[in-house]
Amino acid sequence: MQTLKTEENLSPEKSYTREDWQGGYKSLTQEYDYWIDDVEGQIPPELQGTLFRNGPGLLDINGQSIHHPFDGDGMISRISFANGRAHFRNRFIRTEGYLAEQKAGKILHRGVFGTQKPGGWLANIFDFKIKNIANTNVIYWGGKLLALWEAAEPHQLDPNTLETLGKEYFNGVLSTGEAFSAHPRFDPSCNQDGGAPCLVNFSIKPGLSTTITIFELNPDGKVVRKHAHSVPGFCFIHDFVITPNYCIFFQNPVTFNPIPLALGIRAAGECIKFQPNQPTQIIVIPRHTQTGIKILETQAGFVFHHANAFEVDNEIVIDSICYETLPEVEPKSDFRQVNFEAISPGQLWRFHVNLDNGNLCSQIIESRCCEFPSINTELVGRDYQYLYIGAAHGETGNAPLQALLKIDLKSGERQLWSAAPRGFIGEPIFVPRPDAKKEDDGWVLSLVYDATHHRSDLVILDASDFNKGAVAKLHLKHHIPYGLHGNFTTQI
């Protein structure tokens with residue numbers, strides 16, 4: 001059974017205009033600090049803690065447009081809840097590149113996804129220095145707030161003021177410039193640590209063969225395990241999943257040609273090409289032994305994000321957002337003019353990997369266009385029932401995310417809350433209710449860009465029942481450019 005809760009009764013074909021969607025890709029240059037007083041509904045008084053969000057805050061440098069939003073400077077948004085009220089603060093991460101470009105008033109660095117220094121190929125030839133933009137995720141772990149960008153070390157921030165404190169090297173475990181992924185996983189109960197929680201993350205060093213390094217950090221933020229593994233071929237991996245015993249990576253079928261990058265003609269991301277005739281490989285790495293890596297093959301596809309994974313007897317079950325192909329970044333293209341209808345949608349698939357015989361099977365779980373999956377973090381790496389995800393308003397085709405979808409993976413029931421026609425959804429975050437007894441007892445929080453007022457709202461839904469509509473909408477005084485990832489903590 002599928003139940004739908006929408007803001008208006010709309011036909012799927014008319015759920016948005018591209019002009020409305022484009023408004024969320026304007027820079028926010030101002031830094032704010034205020035109590036949110038414009039609230040529809042009521043903020044649940046039990047909701048106590050802080051939501052941190054990260055994403056590109058600048059889409060241009062003094063009027064010079066960047067080529068792709070993934071090249072934008074990181075900006076943290078902080079929404080703190082206490083006693084039924086909420087406070088907002090945002091601040092740009094003062095990376096070396098951000099400070100230099102703000103001082104110069106122009107683009108000084110090449111970007112991974114196509115941004116070039118002014119002056120054509122002569123200004124960019126043999127320049128391999130990439131700006132650490134710290135724009136992808138933000139986590140609070142071990143008493144530290146860390147802004148993450150997968151190609152370099154994290155930046156540590158003051159959790160209250162959001163002041164940039166410097167780069168984080170985990171007491172020398174990371175070297176200067178060493179990668180630390182923007183997609184860590186929080187293991188709620190680690191076997192090797194007597195059931196204590198731990199943070200699991202990875203880094204990628206690509207080449208003719210790729211080195212995958214896995215880090216595990218205890219609740220104090222200390223790296224207690226680190227091991228590296230070499231796998232054949234060039235890997236372009238953004239995310240991974242864990243179970244109590246394994247880390248699982250999807251090696252997308254792509255090639256990388258460095259020559260246009262070296263000659264200053266293309267950026268690194270534009271040199272990656274999808275290979276539809278090659279299989280996607282699933283790499284299974286044991287967490288607690290240096291041996292026993294398994295590499296299995298499935299049909300070609302591209303995966304940015306995973307939802308979760310868990311073990312059932314001799315099988316690993318993996319839920320992932322899959323695309324038929326990689327949406328390639330083309331030189332001289334304008335990301336604001338994207339033709340959604342011409343691109344295949346991301347869809348939710350389930351994979352069953354048999355570790356004994358290597359058999360692998362898969363089936364689609366959700367055909368609606370969807371991205372940014374979220375679950376109750378107490379079920380990371382475990383069998384789970386409820387998944388929350390950003391989704392298109394319409395059931396078919398590709399479109400911007402305008403809705404929040406709850407999927408009951410046991411019964412198949414769907415509940416959908418839509419902000420269409422003029423609202424556009426960010427990543428949902430599940431926050432459990434204090435002393436919750438059920439998996440879905442809590443709230444789902446998401447930033448929504450409201451094109452009508454060119455502002456962003458923080459929408460709070462009852463995670464157990466989307467049909468109730470929004471519990472509260474917190475209207476900000478401005479918009480927040482479309483972001484990427486974030487997390488909620490009750491420790492601040």
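Trp-121, Leu-122, Phe-126, Phe-128, Ile-259, Leu-263 and Ile-265 make a nonpolar surface patch of about 790 Å². Patch members have over 30% relative accessible area and no salt bridge, with nonpolar side chains (Val, Leu, Ile, Met, Phe, Trp, Tyr) joined within 5 Å and like charges within 9 Å. Areas are Shrake-Rupley values with a 1.4 Å probe, counting only the protein chains shown as cover for residues; a salt bridge puts a side-chain nitrogen of Lys or Arg within 4 Å of a carboxyl oxygen of Asp or Glu. Ile-265 sits in the loop between helix H4 (259-262) and strand E20 (272-274). Those labels are DSSP runs numbered from the N terminus: helices are H or I with at least four residues, strands E with at least two.

Keep in mind that this is a predicted model, where local features need pLDDT of at least 70, side-chain atom pairs need 80 or more, and totals for chains, interfaces and linings use all residues. Numbering starts from 1 along each chain as its sequence is written, and side-chain values use heavy atoms, leaving out hydrogens and water.

## The second largest pocket

This pocket holds about 1,100 Å³ of space. Of its 48 lining residues, Phe-186, Thr-377, Phe-430, Asn-487 and Phe-488 are the closest to the centre. On a 1 Å grid over the protein atoms alone, a pocket is an open set with protein on both sides within 12 Å along at least five of seven lines, a cavity is a set of points where a 1.4 Å probe fits but cannot get out, and lining residues have an atom within 4 Å of a point. Points join across faces, edges and corners, and the volume is what probe spheres set on them fill.

Strand E9 (137-141) gives the largest share of the lining, five residues. By class, the lining has 25 nonpolar, 16 polar and seven charged residues; Ala, Val, Leu, Ile, Met, Phe, Trp, Tyr, Cys and Pro count as nonpolar, Asp, Glu, Lys and Arg as charged, and the others, Gly among them, as polar.

## Two cavities

There are two cavities of 30 Å³ or more. The largest has a volume of about 100 Å³, and of its 14 lining residues the closest to its centre are Asp-71, Arg-110, Gly-111, Lys-131 and Ile-133. Seven of the lining residues are nonpolar, three polar and four charged.

The second largest cavity comes to about 70 Å³. E9 turns up here too, and both E9 and strand E10 (144-148) supply at least two lining residues.
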